[in-house]
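Take a look at the structure below.

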Amino acid sequence: YVVIGRQLMHAVDRYQAQIEAVLSERLGQPVHIDQLHGQWKGMDPVLDLSGMEIRDPKQPEKVIARVERVDIRLDSVASLVRQRLVFNDLVASGMDLTLEQSPSGAITIEGLTLPQADASDAEGDESGPRAWINRLGEVLSDPSVQLNQVHLGLKVPDEPRRTFFIPQVDLRYWRGTFSASGRAMQPGSTTQLARFYLEGEHFFRGDFDGTLFVDVDSGRLFD
C-alpha cells in the first residue's frame, strides 16, 4: 500500500490539468494551479497545491481569489474505515480575497458566484453554501480548516473598503454550528486591530443566529 502510494504521489503532477478541470466544474469558474506536488508522511499521502487561483469566467486574466499554498493530508485509517476519501488536514496559506456584504446582509466572496442562499440554502437542500460546508465536514476526519496569512478586503454598503491582515483563522463546522476565531492586524505592521470569535448558524445566509465576541482597539481600528 505504502510503496504503491508513494509512486502514485510522486507522479501526481501529471494529473494537474484534470484536477484543474474538476475544480473548475465544481466551482463554476476557472481554476488555475501553478504547481502540484505529492508526498508521503507516515501512512498518509499529502497533496500540495501552489499558486491556486479562481478567475473570472468572463475575464480569464482577472483573479478573483488566490491562495499561495494548500496542503491536504489524507487520513488513511479513516478512509479505510468509512470506505471513502477522508482528509485529516486542510491548511491554506497566503490567501487574498474580499468579502462583500449585500444590502440584504448576505455575505459573499466578491466575484465568486455561489448558489443564492435565500432560494437554495434551506434545511436539507444540497445546493447552497451551507451544503458546501457540510460536504467539507464529510471529507474531513476532524471538520476544521486552518487559514494562514490572509489578506482580507471588506466591502460594506455605503462604507469605504477596508483591508485587514489575519495571521491565522481557525474555521470549524460541527453539528450545524459554524465557528471562526482569529485576530485582525493592520496590513504591513505588527499592530493588532481586533481579536474575534464567532459561533452560530446561518452565517452565509444573511440571518446569522449566534454570538460574536470581538476585542477591539477602537482607536486603531477606526483610524
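The dialogue that follows goes feature by feature.

Q: What kind of model is this, and how are residues numbered?
A: This is a predicted model, in which local features need pLDDT of at least 70, side-chain atom pairs count only at pLDDT 80 or more, and totals for chains, interfaces and linings use all residues. Residues are numbered from 1 along each chain as its sequence is written, and side-chain values use heavy atoms, with hydrogens and water left out.

Q: How many helices and strands does the chain have?
A: Helices (H or I, at least four residues) and strands (E, at least two) are DSSP runs, numbered from the N terminus. This chain has 6 helices and 10 strands.

Q: Which way do strand 2 and strand 3 run?
A: Two strands pair if DSSP finds at least two bridges between them. Strand 2 and strand 3 run antiparallel, joined by 9 bridges. In this pairing, Val-46 stands opposite Arg-73 of strand 3.

Q: How many bridges join strand 3 to strand 4?
A: There are 8 bridges, and these two strands also run antiparallel. Ile-72 stands opposite Leu-90 in strand 4.

Q: What share of the chain is buried?
A: Buried means under 20% relative accessible area, exposed means over 50%, and partly exposed lies in between (1.4 Å probe, protein chains only). Of the 223 residues in the chain, 36% are buried.

Q: Which residues touch the most other members of the largest nonpolar core?
A: In soluble globular proteins, nonpolar side chains tend to be buried together. A nonpolar core is a set of buried Ala, Val, Leu, Ile, Met, Phe, Trp, Tyr and Cys residues joined through side-chain atoms within 4.5 Å. The largest one here has 27 residues, and Leu-49, Met-52, Val-70, Ala-92, Met-95, Leu-147 and Val-150 touch the most other members. The elements that give two or more residues to this core include strand 2 (44–55), strand 4 (87–101) and strand 6 (144–155). Strand 3 gives the most, with 5 residues.

Q: What does Met-95 touch?
A: Contact means heavy atoms within 4.5 Å. Leaving out residues up to four places away in sequence, Met-95 touches Arg-66, Val-67, Leu-147, Asn-148, Gln-149, Val-150 and His-151. Now take the whole chain. Among contacts with a separation of 6 or more, 42% are between residues 24 or more positions apart.

Q: How many salt bridges does a search of the whole structure find?
A: Side chains of opposite charge can pair when their charged atoms come close. A salt bridge is a side-chain nitrogen of Lys or Arg within 4 Å of a carboxyl oxygen of Asp or Glu. The search finds 9 of them. One joins the side chains of Arg-69 and Asp-48 (3.5 Å, N to O). Arg-69 is in strand 3 and Asp-48 in strand 2, so this pair ties together parts 21 residues apart in sequence.

Q: Are Arg-69 and Asp-48 buried or partly exposed?
A: Arg-69 is partly exposed, at 35% relative accessibility. Asp-48 is buried, at 3%.

Q: Which residue forms a salt bridge with Lys-155?
A: The partner is Glu-110, with the closest N and O atoms 3.0 Å apart. This pair links distant parts of the chain: Lys-155 is in strand 6, and Glu-110 is in the loop between strand 5 (107–109) and helix 4 (117–120), 45 residues apart. Glu-110 also meets Arg-161 in a salt bridge (4.0 Å, N to O). Arg-161 lies in the loop between strand 6 and strand 7, so its pairing with Glu-110 ties together parts that are 51 residues apart in sequence. Arg-161 is partly exposed, with a relative accessible area of 46%.

Q: Which residues are linked in a network of salt bridges?
A: They are Asp-34, Glu-53, Arg-55, Arg-66 and Glu-68.

Q: Where is Pro-60, and how far is its C-alpha atom from that of His-32?
A: Pro-60 lies in the loop between strand 2 and strand 3. The C-alpha atoms of Pro-60 and His-32 are separated by 10.0 Å, and the two residues are 28 residues apart along the chain.
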